[in-house]
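Please look over the sequence and the structure before reading on.

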Amino acid sequence: MEAVTAADPGLPEQPDGPAPEPRSVRRSLASIVLGFELFIVLLASLTIFGLSPAPFGDDGIPRWWALVGGGVLLVGLLAIMALLRYEGAYVAGWVLQGILLATGFLNPAMFFVGALFGGMWWYAMVAGARIDRQRKESA
């Protein structure tokens, strides 16, 4: 058996310099909440499209706008997930939580879902920032 060394051509070279900073807990929790929210928004838009006649129908907004609105929210959620390295993404996350809560006017069950995800987002922001602060102080 041969000993494996760092000079072995089969192993990647270790970079010189400090190790990368660990990922923020706040960022990790935010991406988890937004990831779950993706599925909920998809299912909610399909539900509103298929089951909610008002305000959609002959005299109101065309039913397919529920799918368009859901698609816009999905793109927004994906964009925020990709931009979580920037502080502004967290503000945009709060805006999307408000929009999700406002979908309760289209389907009243979404008030509950929006409040639930708003609470999860709040917890991710508060607990994540606290844990990151404690990590930084202990380092």
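## A buried residue to start from

Leu100 is buried, with a relative accessible area of 2%. Buried means under 20% relative accessible area, exposed over 50%, and partly exposed in between, with a 1.4 Å probe and protein chains only. This is a predicted model, in which local features need pLDDT of at least 70 and side-chain atom pairs count only at pLDDT 80 or more, while totals for chains, interfaces and linings use all residues. Residues are numbered from 1 along each chain as its sequence is written, and side-chain values use heavy atoms, with hydrogens and water left out.

Leu100 is found in helix H3. Helices (H or I, at least four residues) and strands (E, at least two) are DSSP runs, numbered from the N terminus. Leaving aside neighbours within four places in sequence, Leu100 is in contact with Glu37, Val41, Met110, Gly114 and Phe117. Contact means heavy atoms within 4.5 Å. The C-alpha atoms of Leu100 and Ile40 are separated by 10.0 Å, and the two residues are 60 apart along the chain.

## The chain as a whole

The chain has four helices and zero strands, and along the sequence its pattern is α-α-α-α. Of the 139 residues in the chain, 31% are buried. Among contacts between residues at least 6 apart in sequence, 65% join residues at least 24 apart.

## H3 against H4

The axes of H3 and H4 come within 8 Å and cross at roughly 160°. That angle makes H3 roughly antiparallel to H4. Axes are lines fitted to C-alpha atoms, for helices over the stretch in contact, and angles run from 0 to 180 degrees between N-to-C directions. Angles under 35 degrees count as roughly parallel, over 145 as roughly antiparallel, 65 to 115 as roughly perpendicular and the rest as oblique.

H3 passes H4 in a left-handed crossing; a crossing is left-handed if the near helix is turned anticlockwise from the far one by less than a right angle, and right-handed if clockwise. On the H3 side, Tyr90, Gly93, Trp94, Gln97, Leu100 and Leu101 take part, and they meet Met110, Phe111, Gly114, Ala115, Phe117, Gly118, Trp121, Trp122 and Met125 in H4. This contact has 11 nonpolar, four polar and no charged residues. Ala, Val, Leu, Ile, Met, Phe, Trp, Tyr, Cys and Pro count as nonpolar, Asp, Glu, Lys and Arg as charged, and the others, Gly among them, as polar.

## Helix H4

H4 covers residues 109-138, a run of 30 residues. From its first C-alpha to its last, H4 reaches 43 Å, close to the 44 Å expected at 1.5 Å a residue; the expected span is 1.5 Å times one less than the number of residues.

The buried residues of H4 include Met110, Gly114, Phe117, Trp121, Met125 and Asp132. Helix H1 (25-51) and helix H3 (87-102) are among what covers the buried residues of H4.

## H1 against H3

H1 and H3 pack at an angle of about 30°, with their axes 12 Å apart. This makes H1 roughly parallel to H3, and their crossing is left-handed. In H1, Arg26, Arg27, Ala30, Leu34, Glu37 and Val41 meet Glu87, Tyr90, Gln97 and Leu100 in H3. The residues of this contact divide into five nonpolar, one polar and four charged.

## H1 against H2

H1 packs with helix H2 (residues 65-82) at an angle of about 175°, and their axes are 9 Å apart. That makes H1 roughly antiparallel to H2. Among the residues that make the contact are Leu34, Leu38, Val41 and Phe49 of H1 and Ala66, Leu73, Leu77 and Met81 of H2. By class, the contact of H1 with H2 has 15 nonpolar, four polar and one charged.

Trp65 lies in H2 and counts as partly exposed at 43% relative accessibility. Its C-alpha atom is separated by 7.9 Å from that of Phe49, 16 residues apart along the chain. Ala66, also in H2, counts as buried at 9% relative accessibility. The C-alpha atoms of Ala66 and Leu46, 20 residues apart along the chain, are separated by 7.5 Å.

## Before H1

Pro22 is found in the segment before H1. Pro22 counts as exposed, at 57% relative accessibility. Pro22 and Asp132 are 110 residues apart in sequence and 9.9 Å apart in space, C-alpha to C-alpha.
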